[in-house]
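Below is a brief report on selected side chains and salt bridges. The model is predicted.

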Amino acid sequence: MPTAILGISAYYHDSAAAIIIDGEIIAAAHEERFTRKKHDSAFPINAAKYVLSEAGLDYDDLAAIAFYDKPYIKFERLLETYHAFAPKGLISFLSAVPVWIKEKLFMKKMLRDELDNLGKKKIPILFPEHHLSHAASAYYPSPFPEAAILTVDGVGEWATTTIGYGKENGIEMKKELQFPHSVGLLYSAFTYYTGFRVNSGEYKLMGLAPYGNADAPQTKEFKEKIVSELVDIREDGSILLNMKYFNFATGLKMTNDKRWTSLFGLPPRNAESEISQEYMNMALAIQQITEEIVLKLAKTAKELTNSDYLVLAGGVALNSVANGKLLASKLFKEIWIQPAAGDAGGALGAAYLGYHLWKGEKRIVNNKPDAMKGAYLGPEYGEKETKGVIRKYNAQHEYFEDFNELTKIVAEKIAEGNVVGWFQGRMEYGPRALGNRSIIGDARNPEMQKKMNLKIKYREGFRPFAPSVLEEDVQDYFDIDCPSPYMLHVIPVKEERLKPKPEGYNEMKLYDRLYHLRSDVPAITHIDNSARIQSVSKGTNPRYWSLLNEFKNQTGYGLMVNSSFNVRGEPIVCTPDDGFRCFMRTEMDFLVIGNYLFDKSQQKELINDTNWKEEFKLD
């Protein structure tokens, strides 16, 4: 009988489930996509039901269930931390410990109670350590026969950063940095201080950093104060935080605001307020320091393992700017990053550990190009569900028997300046939309970035958009010599495509700089002339590749803007109904679901129906 392992991550943020059968990833999904609660931390009952269904298995068919961390060790860390910092942190202690005693300390029983909703058989539950789950998620599906493994995040049980080595079916941990000294928590502290939400706003901090002035005395002063007062960075990449400046160990906030205000000369920024140059410079300072730390850690990983290959996971591995610098350093022959690098990916890593370490099964290396199947591991919906949406909303549509005919029309619409919701095949696993749940537009259009941010995504106007580019055309646009299929590297745009900056550019206001025409593909060229690229392979995603190729045939450009199919504060869409509702609630012009094309201008009857106005929040 096949060996099936169900992996679970839950109870912190980004709950997920994944299933592996005989070493092959069959399915994986975030719970938030089903519940529509951003970063849902609840037990992933919907995701678990989905992956079992996708695998064609009943709960009783499982060999084991693997949970992504060890709750008892995490509780030990909680108690020891409060003891070490006592009497500070009493309020935090009194709020956190009762929850642990009532619920999380008895995690095994909690899991059993939840799993009873799937089946009654007493299946073994495994509890690998948090960072081992991250390491497994990076190493086992990678295309490498052996590899150095670097995991960096906020905190697991005790570990915040680990360096390991993977060979055959085993993983050996070489070095570990422990709480409270954490690169991820250092970055999150600045996320909070610059006015963004911790555990979700780190992308915004990274996107804001290029607006900082690298030559400004203030930026240099910020960097000097960070490394002299906040963090001691060692040559091997390990760090020591000066905890008198941080409250996350025992308090309810990330920073000691009074000390930070005294140190930096500015208070924490209020969320949604105007972003002044000081906060842009602060964002750049911490981004550059984070890059420095990641490079030092990678060098240490190289020294400890002598491997030509590096794999990465953990939340900090989603810092695509640091990843781009690491790639450019040529420290390793090749680098591979788990596309679901955050906590959701821990479910996959835990499942792998159940198969390779608990069961002792041999690892078979997949070199074409990895074992992730393009990260298209979520649910797929057919004509039945699409027709249900059409009937439910009386949606006007056009159906195309010939998909190539559809791509010609959609490419024309994009070239005319329209924005298209693109819904195809299996949903992506991880935080990036990779062409199956995407909003797409023309990268050549100088108004596209503004339109998509303000009228469709309803998010901060400064945030950059990523390009999807034909894999065979990547080097025509970007300074990179390898594919980047998971949108995890920020890469410079080719110099010959850039346009000169006006005099006094660095002194211009944020949005004046933002809307300056920087290249011949301005909608995806960030303020520092870079882009977070996704290379699209015909073998991995033939439908999306066909659309890009048709757009190239019509315009000469083999790339487009690709943003996740959602609006600010909501998860990426999962079902055709999610997709249609998002389409109707925004200023998207067209929607494609499978071979169906929906034109917003033809939905006038629905738009004018007062019963649906409230439903779609069109006012």
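## Glu570 and Arg585

Glu570 has a relative accessible area of 23%, so it counts as partly exposed. Its salt-bridge partner is Arg585, with the closest N and O atoms 2.9 Å apart. Arg585 lies in helix 20 and Glu570 in the loop between strand 19 and helix 20, so the pair ties together parts 15 residues apart in sequence. Arg585 is partly exposed, at 23% relative accessibility.

## Arg568 and Glu460

Arg568 and Glu460 form a salt bridge, 3.0 Å from N to O. Arg568 sits in the loop between strand 19 (559-564) and helix 20 (576-585), and Glu460 in the loop between helix 16 and strand 16 (466-470), so this bridge ties together parts 108 residues apart in sequence. Glu460 is buried at 13% relative accessibility. Arg568 is partly exposed at 34%.

Salt bridges with shared partners join Lys204, Glu272, Glu460, Arg463 and Arg568 into one network.

## Asn453

Asn453 belongs to helix 16 (residues 448-457). Its relative accessible area is 0%, so it is buried. Beyond residues up to four places away in sequence, Asn453 touches Tyr458, Arg459, Glu460, Gly461, Phe462, Arg463 and Phe465. A polar atom of the Asn453 side chain lies 2.8 Å from the backbone oxygen of Arg463.

## Lys333 and Asp308

The whole structure holds 26 salt bridges. One of them pairs Lys333 with Asp308, at 3.8 Å between the closest N and O atoms. Lys333 is exposed, with a relative accessible area of 59%. Asp308 is partly exposed at 33% relative accessibility.

Note on methods: Residues numbered from 1 in each chain as written. Predicted model: local features only at pLDDT ≥ 70, side-chain atom pairs only at ≥ 80, totals over all residues. Heavy atoms only, no water. Helix = DSSP H or I, 4+ residues; strand = E, 2+ residues; numbered from the N terminus. Buried < 20%, exposed > 50% of the residue type's maximum accessible area, 1.4 Å probe, protein only. Contact = heavy atoms within 4.5 Å. Polar contact = N/O pair within 3.5 Å; in protein donor to acceptor, adjacent residues only side chain to side chain. Salt bridge = Lys/Arg side-chain N within 4 Å of Asp/Glu carboxyl O.
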